[in-house]
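Let's take a friendly walk through this model together. Have the sequence and the coordinates open as you read.

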Amino acid sequence: MVVAKNNDIDIEGACGGAMACSTCHLIIDPAWYGKLPKPSVDETDMLDLATGLTRTSRLGCQIVLTEAMDGLEVRLPSPLK
Ligand code: FES
């Protein structure tokens, strides 16, 4: 979430990473999803409130990037219509 914000990507992150919103919702490329640490129960509960939830959704603020994630592909969910 911080990396996205620092690179002018339109992600809100309203709670600043406190896992109290789902405005940092990202959709992880399926090829990458299983390579990330599993989401916590609290993250999964918060994701249930996210719009456009997918099987590879994560809260961006809960993904701590490492060198092993170089090349990680994510996308933002589609805006509501
Ligand atoms: S910024 Fe609010 S849950 Fe990630």
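Predicted model: local features only at pLDDT ≥ 70, side-chain atom pairs only at ≥ 80, totals over all residues.

Residues are numbered from 1 along each chain as its sequence is written.

Start with the sheet. It is open and antiparallel, built from 3 strands in the order E2-E1-E3; strands here are DSSP runs of E, at least two residues, numbered from the N terminus. E2 and E3 are the edge strands, each pairing on one side only. Two strands pair if DSSP finds at least two bridges between them, and E1 (residues 25–28) is joined to E3 by 2 bridges. Ile27 has Arg75 in E3 as its bridge partner.

The largest nonpolar core has 9 residues: Met1, Ile11, Cys24, Leu26, Ile27, Ile28, Met46, Leu59 and Cys61. A nonpolar core is a set of buried Ala, Val, Leu, Ile, Met, Phe, Trp, Tyr and Cys residues joined through C-beta atoms within 7 Å, where buried means that 20 or more other C-beta atoms, placed from the backbone, lie within 10 Å of the residue's own. E1 gives the most to this core, with 3 residues.

Finally, look at Ala68, in the loop between strand E2 (57–59) and strand E3 (74–75). Ala68 counts as exposed because it has 9 C-beta neighbours inside 10 Å, and exposed means 12 or fewer. Its C-alpha atom is separated by 9.0 Å from that of Lys35, 33 residues apart along the chain.

Terms used: Helix = DSSP H or I, 4+ residues; strand = E, 2+ residues; numbered from the N terminus.
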